[in-house]
Amino acid sequence: MEHQKVMERENNKGGVSSSSYDGDDVNDMVRDMMEIIETVGSYSGYRRTQRKECLNLVRRLKLLAPLWEEIKENVKLVSSENLNCLVNLKKALLSAKKLLKKCSCGSKIYLALEIDAVMARFHAVYDKLNRAMDAMPYDEFGISVEVKEQVELMHMQLKRAKRRTDTQDIELAMDIMVVFSEKDDRNVDIAILERLANKLELRNIPDLKAETVAVRKLITGKDVRNAESICQITNLLGKLKRIAGVDETIELDGPISSKILQRNQSLLIPHEFLCPITLEIMVDPVIVATGQTYERESIQKWLNSNHRTCPKTGQTLDHLSLAPNFALRNLILQWCGKNNFELPRRDACVGCDGSNAELVEQISCLVQNLSCTELDVQREAIAKIRMLSKENPENRILIGNIGAIPPLVHLLSHQDSVVQEQTVTALLNLSIDEANKRIIAREGAIPAIIEILQSGTEEAKENSAAALFSLSMLDENKVLVGTLNGIPPLINLLQNGTIRGKKDAATALFNLSLNQTNKFRAIKAGVIPPLLHLLDDKNIGMIDEALSILLLLSSHPEGRNEIGKLSFIRTLVEIIRSGTPKNKECATSVLLELGLNNSSFILAALQYGVYEDLVEIARCGTNRAQRKANSLLQHMSKCEHIP
């Protein structure tokens with residue numbers, strides 16, 4: 001290797017022996033560092049969650065270019081002792097290169113999920129660079145005043161580097177909470193997944209193919225050793241694959257055949273037609289025991305490799321039978337005919353010539369039975385519609401198109417509690433589809449769902465809250481839920497429900513409180529006391545959710561008046577002092593929002609000793625916490641009673 005000699009010296013306790021030093025060492029060292037700067041300058045496609053940080057770091061590193069040129073010109077002035085300074089600087093640059101490479105081609109999901117850990121690595125790189133620059137003997141290297149000033153500018157920028165945060169950090173955190181919610185087997189709202197896909201830039205086949213490769217490397221590497229994190233990353237990737245489409249003609253090699261994509265650039269293949277394993281359009285879709293649909297050939301290969309789980313859900317399969325998905329097959333054929341799209345040829349397979357007539361007839365019969373006067377018949381029809389709509393997105397569309405939603409909405413007011421519970425859950429499943437959201441609201445379901453939220457069974461209340469959350473993904477439905485007085489029963493569930501019920505209520509209230517008028521409604525309805533109780537009850541594990549809602553409410557004058565009491569300020573300070581990194585981040589954000597509008601909150605927090613805690617967070621907190629803590633400290637410096 002070209003610079004093996006220098007690297008061997010670097011590995012010798014990080015130093016260079018004076019007896020082995022010669023001028024070539026400096027030239028090799030400088031050449032290596034210039035190559036590093038050139039390499040990091042060529043990186044592109046930085047992940048959205050760290051993009052600004054990466055670009056800032058690259059820009060600062062490029063300011064070092066004139067330094068290398070002058071050192072090369074004055075190589076004879078570099079002593080063996082001073083060569084160690086260059087060794088340390090090179091090590092810092094190598095650390096920066098490794099981090100920038102990860103942010104350029106690493107897993108986007110991992111970089112978003114572990115944003116705090118990644119930002120900690122940025123600051124570790126800053127520390128290494130700063131230490132190396134602090135020891136730089138400019139005069140002994142013969143560095144000109146102009147270059148010295150430019151390098152010191154870079155040095156100063158690193159010292160003052162502030163961690164940034166996107167304006168949607170809270171929303172991203174809440175979306176991830178919903179997606180990774182434990183002990184919740186219901187479907188995640190498609191709008192949340194689409195929002196995550198947009199934020200993570202995982203919307204099309206090339207992005208997802210690259211992400212799959214990155215996740216595989218991640219699993220076999222050393223970055224993620226927590227099995228739970230690996231499961232979360234792979235599960236989210238699977239969900240994003242389910243909603244992915246093709247938005248342009250793309251030439252690909254490998255398992256995703258380019259022949260499939262040889263269409264005009266306006267062609268969009270519906271994401272539900274793509275196999276979750278290969279991301280190819282399905283020719284012979286089949287259903288496994290969990291209700292998920294795959295291309296027969298790809299799932300058969302999976303099973304033949306001794307896997308006994310569903311690739312999409314991770315659930316153990318009760319049996320290995322594969323049932324043809326006639327409904328989806330027929331929809332694909334109809335779409336192909338309409339768009340003049342030729343399906344790739346596959347070996348002949350059993351069941352490929354079926355139609356969805358049987359399923360359509362079944363659903364039509366079920367819709368008729370919804371209006372039957374016999375209670376058992378109604379219950380059975382609702383239960384079957386609920387199951388058909390639970391896992392299969394095609395079924396949700398089909399059920400909505402056949403006309404099941406109006407009679408289901410009518411049954412929300414049924415006297416039988418079982419009918420109510422099954423109906424609201426069926427509508428929850430159907431509401432995952434965007435078009436169904438609008439139909440459900442248009443048919444007048446929201447008042448009845450609110451009524452069940454007030455007086456239904458425990459499970460019915462939970463699913464009603466989840467349904468309101470799903471429906472309120474549309475802005476017009478946020479307004480409608482607030483106008484129809486849906487916020488008070490959600491607050492009651494937040495206060496008195498099961499843990500699952502509290503989580504459902506919290507996510508719904510957060511979504512609704514994105515609307516300014518609903519903030520006022522929630523405050524007047526008494527949402528703040530139960531939120532404060534969640535902060536005190538560590539067993540529930542909803543501190544982040546409570547603080548996220550409180551942050552939204554604290555932007556409202558009435559919310560600040562209600563929240564900013566001494567007991568709450570003390571609680572905030574305790575969380576800032578001893579909470580998890582995410583807890584500290586959220587609590588610091590709330591205190592900043594309160595303090596910027598009323599300095600008395602800042603003074604109260606200072607009395608509880610928050611200053612030292614904020615200094616610590618500003619030094620080594622999460623990226624968003626650092627930014628908020630620095631803002632708070634700057635604001636405190638304007639107050640008279642600063643310690």
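Predicted model: local features only at pLDDT ≥ 70, side-chain atom pairs only at ≥ 80, totals over all residues.
1. A residue is called buried here when its relative accessible area is under 20%. Across the protein chain of 643 residues, 54% count as buried.

2. Overall architecture. The protein chain contains 35 helices and three strands. Among its contacts with a separation of 6 or more, 70% are between residues 24 or more positions apart.

3. Aromatic pairs. The count of aromatic pairs comes to two. In one of them, the ring centres of F122 and Y126 lie 6.4 Å apart, and because their planes stand at 50° the pair is classed as tilted. Both residues belong to helix 7 (residues 115–134), where a spacing of four residues separates F122 and Y126 by about one helical turn. Residues three or four places apart in an α-helix point the same way, because such a helix has 3.6 residues a turn. F122 is buried, with a relative accessible area of 0%, and Y126 is likewise buried, at 2%.

4. The other aromatic pair consists of F273 and W335, whose ring centres are 5.9 Å apart; their planes meet at 75°, so the arrangement is edge-to-face. This pair links distant parts of the chain, the two residues being 62 residues apart. F273 lies in the loop between helix 13 (227–242) and strand 1 (285–287), whereas W335 lies in helix 15 (residues 326–338).

5. Cysteines. How many disulfides does the model contain? The count is zero. C54 takes part in no disulfide, and the nearest cysteine sulfur, that of C103, is 3.8 Å away. C103 is also in no disulfide, its nearest cysteine sulfur being that of C54. The pair is not counted because a disulfide requires the two sulfur atoms to be within 2.5 Å, and the sulfur of C103 is 3.8 Å from that of C54. C54 is buried, with a relative accessible area of 0%; C103 is buried as well, also with a value of 0%.

6. Packing of helices 28 and 29. Helix 28 (residues 528–536) packs against helix 29 (residues 543–553) at an angle of about 145°, and the axes are 8 Å apart. The crossing of the two helices is left-handed. Helix 28 contributes I528, L531, L532, L534 and L535 to the contact, while helix 29 contributes I543, A546, L547, I549, L550 and L553. By class, the contact has 11 nonpolar residues, with no polar and no charged ones.

7. Which residues of helix 25 (residues 487–496) are buried? They are I487, P489, L490, I491, L493 and L494. The cover over these buried residues includes helix 22 (445–455), helix 23 (458–471) and helix 24 (475–483). It also includes helix 26 (499–512), helix 27 (516–524) and helix 28.

8. A buried histidine. H556 is located in the loop between helix 29 and helix 30 (557–563). Is this residue buried or exposed? H556 is buried, because its relative accessible area of 11% falls under the 20% limit. Leaving aside residues up to four places away in sequence, H556 touches Q516, K519, F520 and I523.

Key. Residues numbered from 1 in each chain as written. Heavy atoms only, no water. Buried < 20%, exposed > 50% of the residue type's maximum accessible area, 1.4 Å probe, protein only. Axes fitted to C-alpha atoms, helices over the stretch in contact; angles between N-to-C directions. Left-handed = near helix turned anticlockwise from the far one by under 90°. Contact = heavy atoms within 4.5 Å. Nonpolar A, V, L, I, M, F, W, Y, C, P; charged D, E, K, R; others polar. Phe/Tyr/Trp six-rings, centres within 6.5 Å; stacked < 30°, edge-to-face > 60°.
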